[in-house]
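Me: I have a structure open and would like to learn how to read it. Could you take me through some features one by one?

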Amino acid sequence: MINKKIEKALNRQVVLEAEASQYYLAMASWAENNGYNGVAAFFYRHSDEERIHMLKLIKYINERGGCAEISALSKPRAHFSSLNDIFQDLLKQEITVSGEINDLIEICLKEKDYTTHNFLQWYVAEQIEEEALARTMLDKLKLIGSDKGGLYLFDRDLSTFQASPSGDGNKA
Ligand code: FEO
């Protein structure tokens with residue numbers, strides 16, 4: 001059984017994962033409307049993965065005797081100036097989520113909730129991967145610069161690129 005503090009902290013994480021899903025959906029839509037269909041496919045998949053992260057939390061909260069809350073979400077940013085802009089935002093978003101996961105881990109230790117601490121290790125590993133992925137994409141874009149052929153190939157490669165090696169967010 002989780003206590004109220006843990007329940008509240010996990011419910012906050014539910015909102016963050018749901019918002020991440022919405023942010024990436026907005027990015028996918030922008031990319032689709034700006035001729036980057038590969039980047040759009042990447043963000044649509046990434047959005048689905050964040051939804052899985054959210055569902056995993058909801059199920060955990062309910063299974064452990066808590067009550068998962070489904071909250072209103074903030075409106076995501078809809079316009080971007082470039083692919084670099086979009087991937088900078090992706091990195092910023094993932095860094096924020098990593099910080100929140102770390103805070104959650106700290107709460108678990110304070111509350112001596114080792115079961116939830118164990119459950120969250122999957123998220124810790126996921127965040128390392130997601131931050132690294134965003135940095136890799138930014139490095140690639142830096143190399144490409146304004147080369148149109150390079151941007152074409154970058155977009156094409158992303159159409160089949162898996163945001164997470166497992167692809168299903170369930171590799172725990
Ligand atoms: Fe589930 Fe990308 O944080």
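Reply: Gladly! Let us begin with helices: helices (H or I, at least four residues) and strands (E, at least two) are DSSP runs, numbered from the N terminus. Here, Glu-7 lies in helix α1, which covers residues 4-33. Please keep in mind that this is a predicted model, where local features need pLDDT of at least 70 and side-chain atom pairs count only at pLDDT 80 or more, while totals for chains, interfaces and linings use all residues. Residues are numbered from 1 along each chain as its sequence is written, and side-chain values use heavy atoms, with hydrogens and water left out.

Me: Is Glu-7 buried or exposed?

Reply: The general idea is a cut-off on relative accessible area: buried means under 20%, exposed over 50%, and partly exposed in between (1.4 Å probe, protein chains only). Glu-7 has a relative accessible area of 11%, so Glu-7 is buried.

Me: Which residues is Glu-7 in contact with, leaving aside its neighbours within four places in sequence?

Reply: Contact means heavy atoms within 4.5 Å. By that rule, Glu-7 is in contact with Ile-2, Ile-61, Gly-66 and Cys-67, once its neighbours within four places in sequence are left aside. For Cys-67 there is a further detail: its backbone nitrogen lies 2.6 Å from a polar atom of the Glu-7 side chain. This can be read as a polar contact, which is a pair of N or O atoms within 3.5 Å; within protein, one must be able to donate a hydrogen and the other to accept it, and residues adjacent in sequence count only if both atoms are side-chain atoms.

Me: What does Leu-25 touch, not counting residues up to four places away in sequence?

Reply: Leu-25 is also a residue of helix α1, and it touches Tyr-44 and Ser-47 when residues up to four places away are not counted. Its relative accessible area is 36%, so Leu-25 is partly exposed.

Me: How do I describe two helices that pack together?

Reply: Two packed helices are described by the angle between their axes and the distance between the axes. The axes are lines fitted to C-alpha atoms, for helices over the stretch in contact, and angles run from 0 to 180 degrees between N-to-C directions. Take helix α2 (residues 37-63) and helix α5 (residues 148-158): their axes come within 6 Å and cross at roughly 35 degrees. The crossing of α2 and α5 is left-handed, a word used if the near helix is turned anticlockwise from the far one by less than a right angle (right-handed if clockwise).

Me: Which residues of α2 and α5 meet there?

Reply: From α2 come Asn-37, Gly-38, Val-39, Phe-42 and Arg-45, and they meet Phe-154, Asp-155 and Leu-158 of α5. By class, this contact of α2 with α5 has four nonpolar, two polar and two charged residues. In this scheme Ala, Val, Leu, Ile, Met, Phe, Trp, Tyr, Cys and Pro count as nonpolar, Asp, Glu, Lys and Arg as charged, and the others, Gly among them, as polar.

Me: How many salt bridges does the structure hold?

Reply: Side chains of opposite charge can pair when their charged atoms come close. A salt bridge is a side-chain nitrogen of Lys or Arg within 4 Å of a carboxyl oxygen of Asp or Glu. The structure holds eight of them. One of these joins the side chains of Lys-5 and Glu-111, at 3.5 Å from N to O. This pair links distant parts of the chain, 106 residues apart: Lys-5 is in helix α1, and Glu-111 is in the loop between α3 (83-110) and α4 (114-144). Lys-5 counts as exposed because its relative accessibility is 55%, whereas Glu-111, at 27%, counts as partly exposed.

Me: Where do Glu-106 and Lys-110 lie?

Reply: Both lie in helix α3, four residues apart, about one turn of the helix. Glu-106 is partly exposed at 46%, while Lys-110 is exposed at 66%. Elsewhere, Arg-77, Asp-85 and Asp-89 are linked in a network of salt bridges.
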